[in-house]
Amino acid sequence: MSTAVQPPDADLETPTTRPDLLADSMNAPLDSPPEPRAPIGLNLFWRTFFMLALLLLGSSVGWYQMFRTLEYEPRVIDNARQIASLVNLSRAALVHSDAIARVSLIKTLAEQEKVRILPREPGDRFDLFNLNGLERRMSAEIVARLGPDTLVASRVNDESGLWVGFSIEGDSYWLLTDRSRVGALLGGSAWLLWLATLGAVSLVGAALLARFINQPLRQLSIAAARVREGDYQQGHLDENARSAEIREVNIGFNRMAAQLSKIEQDRAEMLAGISHDLRTPLARLRLETEMSVPDAEARDYMVADIEQVDTIIDKFLDYARPDHMTLQALPLAELAEICAQPFTARDDMQVQIDIPPELRVMADEVELSRVLGNLLENARRYGQTPDTQITRVRLAATARDQWVTLRVRDHGAGVPPEVLPSLTRPFFRGDSARTEATGSGLGLAIVAKMVQNMGGSLNISNSPSGGLMAVIRLQQASEQRSEPSLLKKRLRRTASE
């Protein structure tokens, strides 16, 4: 029975950008296995940065604790002893002086030593000197040297300072000294500022050191990715690096890339040369066959064999094509209709196209046509529905996050799961899974290579509802509307013919 492509303006519903939600007239839901999530982790730079930062900050905290234990606290205790000695000396001087000398002594201490001695009244209001551990330690040391009835306060009657309460022959007094005597030791703002500065410097140093360590590795990773994509010239590394180890690695990598480039070039030239040289004898052989073989049936078989060899040579030429190409915005629906025309003219194949007409992709017109042609040819050969022996193929596309996902799905028997990873390997043929495997084994390998050259990806899997499905991801063109293109002219010409 004859079939035809169902264009977007046919009697079907208006195509949507989510054809996964459409009811498939071929009972072929476009389901695909969920993509595995990438493991969450930090790259090498941040891992190195955090390790160095923890090391430096830990060293700073350890240094501070050691200074506090071996230097800071002993200085606080020594200062407390000096204050206790000052109180004892002042008390002894006041005890052994008469009234006139005592007034002169108190005045001299206030003017020269910044030490005031005031009478202690029962109604005095005071705050104890015990806000933190060091203050309590200092207060305990002063009390231990002056007696249990000693008071140490930080504020008396709303006047700040270091107040020490003591007794002289039953009379109570306050000795007031400047808090600056111990403020430099007990004040925390200066230490916090120093610690914050030290922490910031440590983080900056860790970032610089991590960048210095990881920059050669990052350059090597970028160069390896470019070599993997076939860009051997842009993957060149600096061979004059200051570090001897990095310089040796860069030199070895550049030599390896140069050797791979030469091997790739030799392979392409060899395949192209062999394929080209075989064309001439094949043409002569076909001409002689048509002229010299009298049996029409034998002649048809021989011509078919020659055409198959010629097709295999075309595959070799496609596989040996250069990797670099120019991408342009192409209307995917029009291109799919053009590529499907030769297959829908057959009685044993049906093609359904559910692609929004405004959807455009960044691709090479010739290469994308070859990709679609190879996938449709692969489905024609191996994707027949078991009960009808008619190949039914559906092409559908979705757009999401600047990417276009194109699914080409048949309704055949599929392939064993263990064979799927090998389908895009050159010269691999799944004889056990597919019948009529008489090709060169380059069809899907060429598709994978061309899609990769256009900046996309190819994934082949068995559909859960049956059949083989090829999922192609290409970059979406930013401009969705344009004037009639060359593809439309070709489509009209093909339809008129």
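This is a predicted model: local features need pLDDT of at least 70, side-chain atom pairs count only at pLDDT 80 or more; totals for chains, interfaces and linings use all residues.
Residues are numbered from 1 along each chain as its sequence is written, and side-chain values use heavy atoms, with hydrogens and water left out.

Let's begin inside. A nonpolar core here is a set of buried Ala, Val, Leu, Ile, Met, Phe, Trp, Tyr and Cys residues joined through side-chain atoms within 4.5 Å. Buried means under 20% relative accessible area, exposed is over 50%, and partly exposed sits in between, using a 1.4 Å probe and protein chains only. The largest core has 42 residues, and Leu332, Ile355, Leu368, Val371 and Leu395 touch the most other members. Elements giving two or more residues to this core include α8 (332-344), α9 (365-382), β9 (391-400), β10 (403-409) and β12 (468-475). Those labels are DSSP runs numbered from the N terminus: helices are H or I with at least four residues, strands are E with at least two. And which element gives the most to this core? That's α8, with 7 residues. Apart from this core lies another one, of 21 residues, with Ala80, Val87, Phe129 and Ile142 among them.

Now stay with β10 for a moment. Of its 7 residues, 6 are buried. Two strands count as paired if DSSP finds at least two bridges between them. β10 runs antiparallel to β9, with 7 bridges joining them, and Leu395, from our list of core residues, stands opposite Val408 in β10. The hairpin of β9 and β10 has 2 residues between the strands, and Asp401 there takes a positive phi near 55 degrees. β10 is also joined to β12 by 7 bridges, again antiparallel, and Arg409 stands opposite Met469 in β12.

Next, an open sheet. It has 5 strands in the order β1-β5-β4-β3-β2, with antiparallel pairing. The edge strands, each pairing on one side only, are β1 (115-119) and β2 (126-128). Within the sheet, 7 bridges join β4 (residues 159-168) to β5 (residues 171-177), and Trp163 has Leu176 in β5 as its bridge partner.

Last stop: Met256, which sits in helix α6 (residues 244-292). Is Met256 buried or partly exposed? Partly exposed, because its relative accessible area is 41%. Met256 and Tyr232 are 24 residues apart in sequence and 9.9 Å apart in space, C-alpha to C-alpha.
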